[in-house]
Amino acid sequence: MIISLPRRAVLSAALGVAGTRLLASSPAFAITPSVPHQPGIATPQQPFLYFIAFDLTAEKRQDVAALMRRWSMAADALMAGRPVPGFVDPQDAEGLSAKGLTLTFGFGPGLFLKDGKDRYNLAARRPAPLADLPRFNGDQLVPAHTGGDLCIQSCAGDPQTAFHAIRVLAALAYDTATPRWAQTGFMPSFGKGKTPRNLMGFKDGTINPDIDDPKVADRVLWAAPDDLPWMQGGTYLVARIIRMALEHWDRMKVGFQEQTMGRQKQNGAPIGGHREFEPLTLKQMDKDGNPVTAQGAHARLAAPEENEGAQILRRAYAYDNGLSYVAERWPPWRQGNEFDAGLMFLAYQQDPRTGFTKIFERMSKFDMMNQFTTHVGGGLFACPGRASGDYVGQRLLEA
């Protein structure tokens, strides 16, 4: 398993807990020491996803801490391909490979304040970037598929591996947390080193920031140095279930699809361009004086140049939930079964207020893609770093 860590995090991880404490006590390192990041964030994206959110039923903070301790120990075993200590039947997945499994844990706003109650005396420790997302134009969020006090992102090279890990962790949460919603996803390979395509047939993730550059990762992805101490080494996750009206998209001519997306379908190049990774044609005009890339094109509205430099790390997956009986928004205005399919959008960032929210506020109003997509669920979560020897969230729950 390969994890991209800033140099200071690598040093901290190599030294371990004792080394971290030594750095913290040194006058030259008077700031909060760096903490290694959780896997599944900067890790190269695996083909299969199982994402699940939980509601906490525990009455005491100690019970939440005990759950996170159990989950962290189990995750370490699962990712290493070892039996989970204390699990009812550690042999039920004998022969199933770990397949590059990564498990990533997050805390939702409900951990800190739920229905106006500070259940665990943690409200004062809620980080500012975990501010509730606004209601965006066009949102049709289904309550049963939205929110959650805790989340787990399970990614692997095999779908059963990803699901088995979730089954184990859900069993370990019995009497402490109950599943609220879940979404599976897949990312087919289109060739080594090639940008994957979404269900609309376009390349997805071309403008992702270069998080292999520590300076970029520290600016865009990881919690800011002045964030709360327990969030150091962490990041913030915005998860959105985005349903696609594929039946209607498939009726559109390719030229219209390209104008909507702001990129060419075959090679991912900007409109009027030749290669996928060349700059977008945001200022160029055609012979009639119109923008080459439409003002409402998806690529334009998502571009950092159009959002005062705002960036997020996309780890999106396609999903297919079979068929669902829906009322069409398009002529002939009938009801019937349509594909319940789309994008499980996972965006990691330093601060959702200056990342996802800043970008999506305009997109929700002006993106030409909105006539084919609907946000139907999701959540917001803080994913802290994890110091060597700690369980996930220990610095929050035991501070």
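A salt bridge, as I count it, is a side-chain nitrogen of Lys or Arg within 4 Å of a carboxyl oxygen of Asp or Glu. By this rule I count 15 salt bridges. The model is a predicted one, where local features need pLDDT of at least 70 and side-chain atom pairs count only at pLDDT 80 or more, while totals for chains, interfaces and linings use all residues. Residues are numbered from 1 along each chain as its sequence is written, and side-chain values use heavy atoms, with hydrogens and water left out.

**Entry 1: the chain overall**

I looked up the secondary structure and found nine helices and nine strands in the protein chain. Helices (H or I, at least four residues) and strands (E, at least two) are DSSP runs, numbered from the N terminus. Of the 399 residues in the protein chain, 52% are buried. I take buried as under 20% relative accessible area, exposed as over 50%, and partly exposed as in between (1.4 Å probe, protein chains only). I then checked contacts, meaning heavy atoms within 4.5 Å. Among those between residues at least 6 apart in sequence, 79% join residues at least 24 apart.

**Entry 2: aspartate 55 and its partners**

I noted that side chains of opposite charge can pair when their charged atoms come close. Aspartate 55 forms a salt bridge with lysine 114, and the closest N and O atoms are 3.3 Å apart. Aspartate 55 is in strand E1 and lysine 114 in the loop between E2 and E3, so this pair links distant parts of the chain, 59 residues apart. Aspartate 55 also meets arginine 180 in a salt bridge (2.9 Å, N to O). Because arginine 180 lies in strand E4 and aspartate 55 in strand E1, the pair ties together parts 125 residues apart in sequence.

I find a network of salt bridges that links Asp55, Lys114, Arg119, Asp149 and Arg180.

Another pair I looked up is aspartate 288 and lysine 287, whose side chains meet in a salt bridge (3.6 Å, N to O). Aspartate 288 is exposed at 56% relative accessibility, and lysine 287 is exposed at 79%.

**Entry 3: a charge without a partner**

Glutamate 247 is in helix H5 (residues 246–249). Glutamate 247 is buried yet has no salt bridge. How far away is the nearest side chain of opposite charge? That side chain is arginine 243, 6.5 Å away. Lys and Arg count as positive and Asp and Glu as negative, and His and the chain ends are not counted. Leaving aside neighbours within four places in sequence, glutamate 247 is in contact with Glu338 and Phe339.

**Entry 4: helix H2**

Helix H2 (residues 61–79) has 19 residues and reaches 27 Å from its first C-alpha to its last. That is close to the 27 Å expected at 1.5 Å a residue, where the expected span is 1.5 Å times one less than the number of residues. Buried residues of H2 include Val64, Leu67, Met68, Trp71 and Leu78. Among the elements that cover the buried residues of H2 are strand E1 (48–56), H3 and helix H9 (394–397). Glycine 81 follows H2 and has a positive phi, near 75°.

Most residues other than glycine have a negative phi. Aspartate 115 is not a glycine, yet its phi is positive, about 55°. Aspartate 115 lies in the loop between strand E2 (102–107) and strand E3 (150–156) and is exposed, at 73% relative accessible area. Aspartate 175 also has a positive phi, about 75°, although it is not a glycine. Its place is in the loop between helix H3 (159–172) and strand E4 (177–186), and aspartate 175 is exposed at 64%.

**Entry 5: alanine 303**

Alanine 303 lies in the loop between helix H7 (298–302) and E6. Is alanine 303 buried or exposed? Alanine 303 is buried, with a relative accessible area of 1%. Leaving aside neighbours within four places in sequence, alanine 303 is in contact with Ile207, Leu280 and Leu282. Alanine 303 and leucine 282 are 21 residues apart in sequence and 9.3 Å apart in space, C-alpha to C-alpha.
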